[in-house]
Structure formats: structure tokens, C-alpha cells
Amino acid sequence: MRFDIVVFPGSNCDHDVYHVVKHVLGHEARFVWHKSRDLKGADAVVLPGGFSYGDYLRTGALARHSPVMEEVVAFARRGGPVLGICNGFQILLEAGLLPGAMVRNRGLQFVCDDAPLQVDGRPTPFTRKLTAGQRIVLPIAHAEGNYTADEATLDRLEGEGRVVLRYVDAAGHRSDAGNPNGSQRNIAGLCNEAGNVVGMMPHPERAAEALLGNDIGRLMFESALG
Amino acid sequence: MSASVMPPVLEGEALLAQAKKAGLTEDELRRVEQLLGRTPNTLEIGLYGAMWSEHCSYKSSRHLLRRLPTTGPRVVVGPGENAGVVDIGDGLGVAFKMESHNHPSYLEPYQGAATGVGGILRDVFTMGARPIALMDALRFGRPDHPKTRKLVKGVVAGIAGYGNAIGVPVVGGDVAFDATYDGNILVNAFALGLVEIDKIFLGRAEGVGNPILYVGARTGRDGIRGATMASASFGQGSEELRPTVQVGDPFYEKLLLECCLELFKLDAVVGIQDMGAAGLISSSSEMASRSGAGVRLQVDKVPRREQGMTAEDCMLSESQERMLLVAAKGREQQVIDVCRKWDLDVAIIGEVTSTGRLDIYDGEEQVATLPALTLTDEAPRYDRPRRKPADLESKWVEIAPPPLADAGQALVEMMARPTVASKRWIYRQFDHMVRVGTVVRPGRGDAAVVRVPGTRKGVAMSVDASNRFCGLEPRRGARLALMACARNLACVGAEPLAVTDCLNFGDPTLPEVSWQLAECIDGLAEACNALGIPVVSGNVSLYNDTDGVSIDPTPMVAVVGLMDDVERTCDVAFKEAGDLVLLLGRQTGELGGSEFLAALGRKEGRPPALDDALELAVQKTVREAIRQGLLRSAHDCSEGGLGAALAESCLAGALGASITLEAPLAPSALLFSEEPSRVVVSCRPEQLAAVQALAAQHGAPVTSLGTVGGSRLELAGLASVELTKLRDAYEGAIPAIVGESA
């Protein structure tokens, strides 16, 4: 199986995703430069984390205009699995593949930490090896991960089982104390209506090896292997 | 016809005034005239002023730095290049360096700290290395000083803003607070990169006729004469120097980084150097000096941000994110194509010549022509007068251990000392996990551990300095700091390889400061020799003084170590109830120069003695025990002594411990002495005999202290403290300084 990893100017988790796909999972990984339009033969597409275009204007706002994004949208419309991690999630929001927007973290600071999470919603190509209700920990590292959408959208997302990851506290409760960035309804990850496009602020690629103290994230990549 | 761009040649008072403005003394001006055999024009004066600044020339320190050992079997590139490189086997090397950005960070904390990170990263990737780790060593003034809050917030945000965006993890650091830094904070940034030994690039202008390319951001008027500013003392009106601080753009640097690493694969690059302090003049003259060649520059071809900039503006600007690159003749278009791919500005601005001179043209006119070496190697050298401070030894008073009314409360208060307390508020704002290599994270281990991609190896690094010790006895203080770093490496299972240093001192024209500098360098040399490791790179920052008062001598040292199996490592956290707690090393209870005394407002006593044989025995025992998988935690006793070390191991593991301290010492000496060569370790009961045997084999004393378990730190006969109480103190201190809750 081949994962195509889009490289925007300013992407900085591209190598990390590549490493996990290729060296941890033993599958094929390929970098795709943002000016390219070639996703032919990709089985899954990953928009990695980082600071595409320096986060200038607004996170993800410039990257969505890169030539490759038209192909990503087309790939997603055909039902291809697309994972946006951190800045990749922000780009998916800007590109309209997922609803809502990100604003500055409630505490106004960049937060790099382990975040307790609860798997939620329906199975997706990136979460189906986990079970709804399962509590996991994944690293987060962002300054603009405060998810926001209007109430109707939030209700719809929850009603359709599209909130796939939620921040919880150490005791596993969906509480304000367990919300590291102020996201509405503690949303950490979402999928689109069809379920094939997933955006998440936490970094599964940083938690895919026991050496790094946590390998639960590996299951998210393995989910895509079917 | 346009007006001539030829800079004028002045005479008399006007000439002297021009030289002074450029930072040259009258003697130095005369030296320039002698070297040139003529009077320099105003542009040339500006170039000498920048290149002969303390920051660029090391004129007060270079002869002292020769006392440091700089060679060894693993040294691939020693001091003098952009960064040092050490062989780690498998055809790989680590390139690393530490550098100060003290003056700009005090004037403009966000940009000063940010561009410090940018500069040190360029030093490393210029060598052809992919940066994989950053550390930051920070010193701030008193927590309640009116400026401290703003400085802490600004510096931390600046490092975060730059380091996070560029995607190099901040894996460690060292942060302390002391009144000595009230008017002169220290911001020292360390970067480490990985390089293939046979693909190292150097800052050399070689091959007559090879084109010289300018790559990166356009040149603006920011940071002009920044090197001169950084080589002067602060006084009234220093805030007005703010325009000399550069402004960074991490996005642009990220593009430059990736572009350079792509260029290096082409075989089209002959030499490359970052435009750091003193910008284009320093990069061009240093590249020419190192190779003995000459350089011809066409300054009007330099990409500029604004119109109306003079040749001097262009030569001295410290605009960030720029590189000077020598390409192989005929390959320049390939270089240009890669730069364009990354949307970077690029221009051919000159060529390598055989003249040994730096010839600068503005259009048709030759505006400067200088022998390259006169700007670099032939800069003045000052063996400044040195004098031991008259009151030094009067501070070495015998310290009678002060009584503790309540040892538990004293420990809680120690954990809340900002120098001892958790730095979580800081490192949580730094991406410390990007690049998926951070095996031991900040706050978890005595040293950071990063794996070497594609191998089983790990690289460990630690940074330390003690102004309290160095202020009281510079030589001993410097030795203690370097040994503490090596001990930190041992505590994660690594063998020390080499050192980079950042020597932060006051005004070197004061004989006492020059003496401190010489003594600290000697102390570092002694410790290096004891460990058998060299210094491969570094930086000197002088004139850290305000209104005539110099900071305590602060030689910051970072030691880099290697481990063959990165999985055989250890952190400070107690792991499981029932594990045994042991102390390796001796307890003599010296309190001189300790944080405990500082808390009482006493900066006195002689720093604790260092016994090299004991120190090495302890380090070997810990390292070997970790490699054999015998230990579950290891933590050295540093700031806050054994008491703080025990508390930190409890807090990191969220497990209490029952401890009995039997040494016949007063409680304050027992808990808070900062004598070296001590490590608190824990192991499973069944490993006790093996640990003891190993310690005996290496000659390290070992004492049983107790067992892990419960939710309190019990110190038999002394105290019993709830971990929650210790945690609140430990986690709350830094947030309190910046006005936030933990």
C-alpha cells in the first residue's frame, strides 16, 4: 500500500509520517511536492503537520491554494482515504473538506504535551482498529488547535458520529480541565460525511514506536491498511 | 550622470569620530592605517569596526581559548568553522555549537531569542548537517525584578515561535534566575545536526573564478552594526539600540534549510557560510581568509528590501536567513534552479579571486579593497591585564549548616525556588517531539536523548553553568559545571564525546573580569582533560555588564555524548513501589555557593571540592549499570542537592519513597549540599547485588537510602511530605513568575 505525503513549504512532520509508513509499517511512502498534481497510484494521502507557508495569513489558508490540493480534493471525492494531521487538519478545514475552523488556543500559547483522548464516533479508515470509547494518549503540538463551528454544525457532527477523537482529562472525562486548547465540545478529530477524510490535531506519527514511549498511534496508520 | 558612490576619505577629528562611531579605538584606527599603508575610507572603517568588534574577532579571548584541548580521535572539524563535528561511527558525525544572543534578547526579547535560534541552526546546517535537536540555556534576573516577567515571556515565545515553525525539537536546556542577571539576561542557544562525514561543507572560498552566490532573504536595514552593539556594555539609553536587533522569519529559514540540504546533494557547492554577525563582510572575509584566496563582490547585485541602501548598509546588515555560497563554475544555474524551486532570492554577487583581497565594487567603482586577513586573523589581540578580585577569598567563609525549623517545609520551599522548580511551563511551549527522535524528553531525564536515524545509536546532550560557583571560585565553578554535564550524560547511559561552550562574562577591560575568564577557561580545560574530551566549537560573549556592574562569570557548557544502544537508557522517575533507592558517591555536606545559601541571601563559601577519580568512578558505574539494564532511574544531585533530587524522582514517577539518611550531618547539609559526584539511582531488589558489585569494581561508594512507594516522601527523623504539596510548589513557581496558574 502506498501513502502519498504532501510536502508544503513549511511542512515539518512530513519526514515523520514517511518514517512511520516506511520503516515502522514497512509500506510504501512517497513525498509529493505541493506544486505537483500527481497523486496517481496513491492508496492514501496524508497532509502532515508543520507550518505551511509559515502559518501566515491564517493556518492552512495559503496551502489550500497549492496546485496539489485540487488533486487531494478529487482524490477525497472519489472516496480515497485522506488524513490531515495538525496543520494538515487546518488545511482540510480551509479547503472545505471538513467543516469548521481553528482559532488560537484558549491559553494563547503553543502547547506541546501528551493529551489524553477518547476515541469516538464511527469507524474511519484511520480509526477502525480502535474502538469507540477507547481511551488513548497522543502527543499534541500546536498553537491553533481550538476547534470552532456553529452549534448546528456541531450538533450534526455529533449526530452523525463524525467526531472521532475528543480531549478528555486524566480520569477520562470530557471536561474543561481536559481540554488543552478550548476546542468546542472537546473536539480533537473529525471525519467528513462519507467518513474517508479525517482531520486530527494530535500526532499519531509521534506515538508509533515503543522506543518513544507510546505506540498506540501506529494503529491509526494500520487502520488504513484495511 | 549619477553621483559617485565612492565613500569619502576623512581626516583629523572627523576621521577619529568616524572610527569611534564604527567601534574602533584610536589605536585600532592607526593599526588599520598601518596594515593598509593608507587611510581607510568611511566604508572601510565601518568594515573594520564590525570585524574587529569583540563579537567577531574574539580579540580579548582568543589567546586564552588556546588553552582548551581541541583535538581528539573523534574530532572531524574543530573550532574555527561554523560548527564542530565529531565522528559517531557508521560514517556519521554530529555537528554542534552553542552561541549567545544575550544583548539583543534583553533589548527585544522575542526577536532576540528567535534570531538566536535561527543563527545557531544556520551554523549547523551550513556544515551540511540536518539539525535534529536544539537546547536553550537561559539566565534571568530575580523573579520579582520588574523586567523579569516580560523577559521570560518574550524569550520563551521567541524560541517557540522560531524553533516550532522550523521543525527542530527543543529537547533540553537549563534555566536559572539570579539577581546578577537583572540587567543582562543570557540567552544561549545550542543546535546539533547529523551529517555524513564525507559530505561536510566548509566555509571556504576556493577555486579562482568560481561564482559567489547570495541565497536567502533580501537584505534590509535591520541589525546594522549589531555585532558592535553586542560588543558593548549597557548603560543609560541602551533601549535606543533596539533597531540594531534583527528580525527573524522562521518560514524563510525553513525554506533555506531544505534548499541548502537539497543543494548539498548536487555536488555543485564548493563552500558555504551563514551571514550571521556582521553579515556579508564577515562571511565573505572569513571564507576568503580560510582558503587564502580573494573575493570580489559586486555589492549593487545584493538583493535588497528597500531602495537607498548604501554599500555599508549592505555589507553590515544582519538581516536573517541569508547564506553566501561558492558554486563550482558552470554549475551555478543548477544552484539557481533549486533556490527558485524553494522560492528563495538568489543572485550571483561576485567571484573567487587569487588576490587574497576583498575587493568590493558598487557598480563600476571599487569602493573598498582590503587584504582579507587584515579583517580576520590580523585583528588586534588583547592580552588584557588580569587580577584576582581582592575580596574573592574573603567570601570563602566556613559555612556552619544553618538549622532547619521544619525540614519538610524547607524542602517544599526549595522545590519552589525558580532555579530548582519544574520548567514545564517553558518546555511545554517548545515542540520537543517533532522528528520523532526524542527518546528522553525535557523534564524526564538528566540529559536529553535523541536517536540517530537509521542506526541503534543515540545522542545525548546536556547544558549547564553555575554562576554561584563561578562567582566564588571561577576555575572550580567551571570544572564543576562541565563535570555536572558529563554526569548528566552518564545518568542516561551515554559516554561524553565533546564539548561546546558559550563563555558569558562582563567587561574584559576590567582586570577582575579578564581574570575570571582565564580561570574559567583553565577550569574547563582541566575538566576536559580529566574526561578526555575536547572542545570543538563555541562562542564568547563579553560586555555583559550594565552601568559598570558585570554579571557573575557564566561559562555555559554543553556536552554531547553517545550511546550505542538507545534503548538502554534511563530517566529520573521512580518506576515501581518496592524498588530500592541508592546513592552513589559520598556525602560531606559542603554548602558553599549552594542554592540553599542563596535562598538565605548568602552568596558565599567555597564551592564544593571535586575529586576527579571519585567523579569518574560514579559516572562509570551509572553508565555501565544502565547499559546492563540494572537501573530503573538515575538522577544526579545538582541545584537543591539530594533533597531536590529525591523529590524530583518521586514527582516524575508519581511515587513516594521512604528514605533514611544516615550520614552524620546536619539536616540542611544532608538535604541541600550541592557537592558533586553523587547520583540517586533506583533498582529492583534483585539487582541490588549487581549494582553494588559494579560500584565496588569502579571504586564508587554506594549507600542504601530506602525504598520507593506510597504517596509521600518520607525522610526518617526529618520530614514526611505529601507529593501533592511538593508538586504544587515545584510546578507552580515558573507560572507564578509570569503571572499564570500552573
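Predicted model: local features only at pLDDT ≥ 70, side-chain atom pairs only at ≥ 80, totals over all residues.
Two residues are taken to be in contact if their C-beta atoms, placed from the backbone, lie within 7 Å. In helix α18(B), the residues P474(B), R475(B), R476(B), G477(B), A478(B), R479(B), L482(B), M483(B) and A486(B) meet a set of residues in α19(B), namely Q516(B), E519(B), C520(B), D522(B), G523(B), L524(B), E526(B), A527(B), C528(B) and L531(B). Helix α18 of chain B covers residues 474–490 and helix α19 of chain B covers residues 511–531; their axes come within 7 Å and cross at roughly 40 degrees. The crossing of α18(B) and α19(B) is right-handed.

The crossing in which α10(B) passes α13(B) is right-handed. On the side of α10(B), the contact is made by C259(B), E262(B) and L263(B), while α13(B) contributes V335(B), V338(B) and C339(B). The residues of this contact divide into five nonpolar, no polar and one charged.

Helix α10 also takes part in the meeting of the two chains. The contact between them draws on 23 residues from chain A and 23 residues from chain B. Within chain B, α8 (148–166) and α10 (250–264) each supply at least two residues of the side that touches chain A. That side of chain B consists of 12 nonpolar, four polar and seven charged residues.

The chains may now be considered one at a time. Chain B contains 25 helices and 28 strands. Its radius of gyration is 26 Å, close to the 27 Å that the globule rule gives for 742 residues, so chain B is as compact as a globular protein of that length. Along the principal axes, the C-alpha atoms of chain B fill a box of roughly 90 × 55 × 45 Å. Of the 742 residues in chain B, 64% are buried. Among the contacts in chain B between residues at least 6 apart in sequence, 84% join residues at least 24 apart.

Individual residues of chain B illustrate both burial and contact across the sequence. A311(B) belongs to helix α12 of chain B, which covers residues 311–316. A residue is buried if 20 or more other C-beta atoms lie within 10 Å of its own; with 26 such neighbours inside 10 Å, A311(B) counts as buried. Setting aside residues up to four places away in sequence, A311(B) touches V5(B), L43(B), V299(B), I360(B), D362(B) and V367(B). One of these, V5(B), is 306 residues apart from A311(B) along the chain, yet their C-alpha atoms are separated by 8.3 Å.

A83(B) lies in a loop, the one between β1 (75–77) and β2 (84–89) of chain B. With 30 C-beta neighbours inside 10 Å, A83(B) counts as buried. Apart from neighbours within four places in sequence, A83(B) is in contact with A95(B), F96(B), K97(B), D123(B), V124(B), M127(B) and S537(B).

Two aspartates in loops of chain B call for attention on account of their backbone. D343(B) is found between α13 and β11 (345–353), and its phi is near 55 degrees, a positive value in a residue other than glycine. D343(B) is exposed, with 11 other C-beta atoms within 10 Å. D547(B) occupies the loop between β19 (545–546) and β20 (549–550) of chain B. Phi of D547(B) is near 50 degrees, again a positive value in a residue other than glycine. With 10 C-beta neighbours inside 10 Å, D547(B) counts as exposed.

Of the 226 residues of chain A, 55% count as buried. Among contacts in chain A with a separation of 6 or more, 75% are accounted for by residues 24 or more positions apart.

Conventions. Residues numbered from 1 in each chain as written. Chains lettered and ligands numbered in written order. Helix = DSSP H or I, 4+ residues; strand = E, 2+ residues; numbered from the N terminus. Nonpolar A, V, L, I, M, F, W, Y, C, P; charged D, E, K, R; others polar. Left-handed = near helix turned anticlockwise from the far one by under 90°. Buried ≥ 20, exposed ≤ 12 C-beta atoms within 10 Å, placed from the backbone. Axes fitted to C-alpha atoms, helices over the stretch in contact; angles between N-to-C directions. Rg over C-alpha atoms; globule rule 2.2 N^0.38 Å.
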